[in-house]
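Hi,

Here is the structure I promised to pass on. Have a look, and my notes follow below.

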Amino acid sequence: MGMKDEIDAALQAHAAWRKHFKDYLYGHAACDLDAVSATDQCDFGRWLGKEGHRLMPTDLHGQITTAHAEFHRVAGDIVHKIKQKQFDEARQDIAREGRLNNISAQLTALLLKATLR
């Protein structure tokens, strides 16, 4: 897969997380905290660490890597909050104006910038 295809797949996968967390919050899905928190467990993270590093300018790759890690950190926080029954805090994080959407928007902007190069 080329860079544009990988980035498109990452955008779709990251957009699906909000729904997945809502499903998890309401008991309709499972989540593994370790897998969600790890940046190298998703297809995009594995690609970013190998092919992405080769295909992108170093500064942009670094920004995307940082935003991707923050996305996974926030995702891990959400799973942890749900496991701890901190449901209101988890709902705030997955709300439209919440932490997950904010970091997702930052990552999306960087990924779109990468596709334009």
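Where is the kink in α1 centred? It sits on W17, and the kink is about 30 degrees (the bend at a residue is the angle between axes fitted to the seven residues ending there and the seven starting there).

Before going on: this is a predicted model, where local features need pLDDT of at least 70 and side-chain atom pairs count only at pLDDT 80 or more, while totals for chains, interfaces and linings use all residues. Residues are numbered from 1 along each chain as its sequence is written, and side-chain values use heavy atoms, leaving out hydrogens and water.

Helices here are DSSP runs (H or I, at least four residues), numbered from the N terminus. Just after α1, G27 has a positive phi of about 80 degrees.

Now the core. A nonpolar core is a set of buried Ala, Val, Leu, Ile, Met, Phe, Trp, Tyr and Cys residues joined through side-chain atoms within 4.5 Å; buried means under 20% relative accessible area and exposed over 50%, with partly exposed in between (1.4 Å probe, protein chains only). The largest one has 29 residues, and those touching the most other members include F21, F44 and I64. α4 gives the most to this core, with nine residues. Leaving aside residues up to four places away in sequence, I64 touches F44, L48, M56, L107, L110, L111 and A114 (contact is heavy atoms within 4.5 Å).

Finally, α5 buries A90, D93 and I94. These pack against α1, α4 and α6, while exposed D88 and Q92 are on the face turned away from the buried side.

Cheers

Methods:
Helix = DSSP H or I, 4+ residues; strand = E, 2+ residues; numbered from the N terminus.
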